[in-house]
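Look at the sequence and the model, then read on.

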Amino acid sequence: MPGFFLFSAAMAPTNTGSPRLSPIIAGCMKWGEWGAGFSTSQYVDMIRRCIDLGVTTFDHADIYGHYTTEAAFGEALKEEPSLRSQIQLITKCGICMVTPNRPDHKIKHYNTSTEHIIRSAERSLKNLHTDYVDVLLIHRPDPLMDPHEIAEAFTQLKNAGKVRHFGVSNFNPSQVSMLHALFPVEINQVEISLRHSEALYNGVLDQSAQLGIMPQSWSPLGGGQIHAEADDEQGRKIHAMSEILAEKYGARFDQILLAWLLQHPAGIIPVVGTTRVDRIRDAMLARAIKMTREEWFMLLRAATGHEVP
Ligand SMILES: NC(=O)c1ccc[n+]([C@@H]2O[C@H](COP(=O)([O-])OP(=O)(O)OC[C@H]3O[C@@H](n4cnc5c(N)ncnc54)[C@H](OP(=O)(O)O)[C@@H]3O)[C@@H](O)[C@H]2O)c1
């Protein structure tokens, strides 16, 4: 991971060792109730096949599947305990959803208090049938967040050996800086794709490169909205341009979209949301595609509708 040890000694104490995550991360948001609804044996099979392909990191959040997907995945680890040491688990906390599974929530809100973060992380450990997670992220910036509370929770979880690495998601640079001054932020998971390329300009990627924070892109294919049937002009243009490059590189169009992200010097790690092994394999193979600088800008032009100024 580029620049991962660049953390300045003048700032907060560093975590020991960088997270060793796979170059493509399998997002599990749609593996359970919010999508494929895998059975335990299907989870076991998917996890095994991902490991075989070199995709060893799995992205979760407490809320996925209305708070059910971690536990469904955890059943697979319970059934095949040998899988745990071969994989890395990311999970997130801080969003409180209104669902029959959380009858005490009256309104969707965020909670980044020390107590909530610790309670949520401990519940994730139980659901996932593990005694540690590799990475814990604060899912969304909370307008009421107190960085001291987050740092305190992270410190306690780290000292207890329950979480190895810490980061944030959807944080802007000033929010990252505020927390980073107290506790090293190692990851910022944000939406980045040709559909949503704001991170190229809003300072998130610049800050990641500067501080050695790993940028991860969620919805790297725009949540599946960039495909042949895209019914809007931006989608059609992105698709048309990526098909031209796909032909040149002997690839699939979605591999071109991932290659566009992977080519960014900040070292963006895509969190792919597919429920299909063939598409996970394609994602890994996309790493071999090196497009020219002009082709990279042609895709950007297709996405924005105009050339750079
Ligand atoms: N931190 C956050 O706030 C946040 C927010 C959202 C998501 N996430 C994470 O990011 C992960 C990925 O998000 P995502 O699911 O939106 O990502 P995505 O990879 O952009 O989209 C995946 C969707 O696209 C479909 N797809 C993939 N390739 C396709 C193709 N060639 N043609 C047509 N459809 C295609 C997939 O269907 P198939 O299953 O059929 O392949 C799936 O429904 C999630 O699982 C989650 O872990 C994080």
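Q: Which residues is Val190 in contact with, leaving aside its neighbours within four places in sequence?
A: They are Ser169, Asn170, Ala199, Val204, Pro215 and Ser217. Contact requires C-beta atoms, placed from the backbone, within 7 Å. The model is a predicted one: local features need pLDDT of at least 70, side-chain atom pairs count only at pLDDT 80 or more, and totals for chains, interfaces and linings use all residues. Residue numbers start from 1 along each chain as its sequence is written.

Q: Why is Val190 called buried?
A: A residue is buried with 20 or more other C-beta atoms within 10 Å of its own, exposed with 12 or fewer, and partly exposed in between; C-beta atoms are placed from the backbone. Val190 has 22 such neighbours, so Val190 counts as buried. Val190 lies in strand 8, residues 187–191. Helices (H or I, at least four residues) and strands (E, at least two) are DSSP runs, numbered from the N terminus.

Q: What makes Asn170 partly exposed?
A: Asn170 has 18 other C-beta atoms within 10 Å, so Asn170 is partly exposed. Asn170 sits in the loop between strand 7 and helix 6. Its phi is near 65 degrees, a positive value in a residue other than glycine.

Q: Why does His129 count as partly exposed?
A: His129 has 17 C-beta neighbours inside 10 Å, and therefore counts as partly exposed. His129 is in the loop between helix 4 and strand 6. His129 is not a glycine, yet has a positive phi of about 55 degrees.

Q: How do you know that Trp296 is partly exposed?
A: Count the C-beta neighbours inside 10 Å: Trp296 has 16, so Trp296 is partly exposed. Trp296 belongs to helix 11, residues 293–304. Leaving aside neighbours within four places in sequence, Trp296 is in contact with Trp260, Gln263 and Met291.

Q: How do you know that the buried residues of helix 6 line one face of the helix?
A: The buried residues of helix 6 (residues 173–180) are Val176, Leu179 and His180. Seen down the axis of helix 6, they fall within an arc of 100 degrees, so they line one face. The arc is that of the directions from the helix axis to the C-beta atoms. An α-helix has 3.6 residues a turn, so residues three or four places apart point the same way. The buried residues of helix 6 pack against helix 5, strand 7, strand 8 and helix 7.

Q: What makes helix 3 oblique to helix 4?
A: The axes of helix 3 (residues 69–79) and helix 4 (residues 114–128) cross at roughly 45 degrees and come within 6 Å. Axes are lines fitted to C-alpha atoms, for helices over the stretch in contact, and angles run from 0 to 180 degrees between N-to-C directions. Angles under 35 degrees count as roughly parallel, over 145 as roughly antiparallel, 65 to 115 as roughly perpendicular and the rest as oblique. That makes helix 3 oblique to helix 4.

Q: Why are helix 1 and helix 3 called roughly perpendicular?
A: Helix 1 (residues 40–53) and helix 3 pack at about 75 degrees, with their axes 8 Å apart. Helix 1 and helix 3 are therefore roughly perpendicular. Thr40, Tyr43, Val44 and Ile47 of helix 1 make the contact with Ala72, Phe73, Glu75, Ala76 and Glu79 of helix 3.

Key:
Contact = placed C-beta atoms within 7 Å.
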